[in-house]
Amino acid sequence: MRLWLLFLACGLVTYATRASFIAAGDRIRLPEAVERALRYVGPAAFAAIAIPLVLGGDGLSEFSADVPRIIASLAAGLVILRWRSIPYSLVVGMCSLWLLDWIGL
Amino acid sequence: MQDLSFDRRAALDGIRTIAPLAVPGLPFGMVLGFLIRDEGIDRLAGWSSSWMMLAGASQLAALNLITEGASALVIIMSVLLINSRHAMYSAALRPKFAEYPAWFRFAAPYLLIDQMFAVASSASELEGSSLRYRMWHYLGAGALIWTIWQVSVGLGIFLGDVVREEWSLEFAVPLLFIGLLGLSLSNRPSIVAAIVATIVAVAGREMPQGSGLLLAIVLGVAAGGLAETATKRVSE
C-alpha cells in the first residue's frame with residue numbers, strides 16, 4: 001500500500017511538471033524574449049541528454065563509455081544530419097556498434 | 001466553438017510519426033520491468049508506476065532509490081528534479097496548446113514525454129495544420145507510445161531477463177536522443193543552444209539527480225535566445 005501511494009505521489013509530481021505551463025494556457029504570459037528563447041528547448045534538452053549518455057553515465061542511467069559506442073554515435077549523428085530519418089540513424093547506429101563489437105574494437 | 005471531433009487521418013499520422021521514436025523504449029521498458037521483478041518489488045505496484053509516472057528515467061531512479069531504502073521524501077524530490085525538464089517542455093509548448101479547451105490542456109500533459117515533445121514541437125506535418133488535426137495527431141502518438149511503454153515494462157516483469165546484455169539494445173536510447181538532437185538543429189541559434197547545453201551537462205553530470213541536466217537546458221535555451229538576437233542584429 002505504501003508503495004502504491006509512493007508511485008502515485010511520484011506520478012502527481014511528474015504530471016505537475018508537465019502540466020505547469022500548458023494547463024495554465026493564456027493565463028500565463030511570458031516576456032517575448034523568453035517565449036522566443038524557449039524555441040531552443042529541443043536542441044538544448046536533447047543535447048544535454050544525449051551527449052552525457054554517449055560519454056558515460058549522467059545520473060539518468062548507467063552506460064559505460066567506450067570507443068565503439070562513441071564511433072557508432074557519430075555514425076548515427078551523420079546519418080540523421082544527412083537524411084533526417086530516425087529509423088535510418090537507429091539502424092546505422094546499432095549495426096555499427098554490433099560490427100565494431102564483432103571485429104573486437 | 002472549434003470542431004474537435006475525431007480525425008482518423010490525424011491519429012494515424014501521429015502514430016506513424018511516433019512509431020520509430022517509441023521503438024527504443026521497448027528494451028528500456030523491459031529492462032525496467034526485469035529490475036522490478038529482480039528486486040522483489042510488488043509486481044503490480046511496480047508495473048503501475050508505468051501508467052502513474054510514464055517516465056522511464058525517473059521510474060528507474062525511483063526503483064533504484066527504493067531498493068536502496070531511501071525515504072519517500074527523497075524519492076519524490078528526486079523524481080521532481082529529474083522531471084523538472086518537462087516544465088521546460090510545457091513552457092515551450094504552451095502557445096501551441098493555449099487555444100484548446102481546458103480539458104485537453106489538463107489531459108495532454110499526462111502524455112508529454114521526451115518523444116511526444118519532439119513530435120508536438122516540430123513534426124513537419126503539423127506546420128499550419130488545424131487545431132483538430134494537431135489534437136488527434138497528439139492523441140494518436142500518445143496512445144501508441146503509452147501502450148508500448150506499459151507492454152514493455154509488463155513483459156520485463158512477467159518474462160524476466162529476455163533482453164540479453166550482449167545485444168547492447170540499451171544503446172538504442174542514446175541513439176534515439178542523438179536522432180532527436182539532429183532533427184532539432186535547424187539554424188545557428190539551435191546549434192549554439194546544443195553546444196552550450198552539452199558543455200554544461202557534461203561538466204555538471206556529477207550534480208545530484210539530474211540537476212546538472214536542468215541547468216544545462218536552462219543555459220542552453222538562454223544561449224539560443226541570445227544567439228538569435230545577435231544574429232538578427234548582424235543581419236540588420
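User: In which loop of chain B does B:Asp161 lie?

Analyst: This is a predicted model in which local features need pLDDT of at least 70, side-chain atom pairs count only at pLDDT 80 or more, and totals for chains, interfaces and linings use all residues. Residues are numbered from 1 along each chain as its sequence is written, chains are lettered from A and ligands numbered from 1 in the order in which they are written, and side-chain values use heavy atoms, without hydrogens and water. With helices taken as DSSP runs (H or I, at least four residues) numbered from the N terminus, B:Asp161 lies in the loop between α9 (131-159) and α10 (172-184).

User: Is B:Asp161 buried or exposed, or partly exposed?

Analyst: Buried means under 20% relative accessible area, exposed over 50%, and partly exposed in between (1.4 Å probe, protein chains only). Because its relative accessibility is 48%, B:Asp161 counts as partly exposed.

User: How are the rings of B:Trp103 and B:Phe104 arranged?

Analyst: The structure holds 12 aromatic pairs over all chains, where rings of Phe, Tyr and Trp (its six-membered ring) pair if their centres lie within 6.5 Å, planes under 30 degrees apart counting as stacked, over 60 as edge-to-face and the rest as tilted. The rings of B:Phe97 and B:Tyr100, with centres 5.9 Å apart and planes at 50°, form a tilted pair. For B:Trp103 and B:Phe104 the centres are 5.6 Å apart and the planes at 70°, so this pair is edge-to-face.

User: Is B:Glu99 buried or exposed?

Analyst: B:Glu99 is found in the loop between α6 (85-97) and α7 (102-107) of chain B. Because its relative accessible area is 57%, B:Glu99 is exposed.

Terms used: Helices (H or I, at least four residues) and strands (E, at least two) are DSSP runs, numbered from the N terminus.
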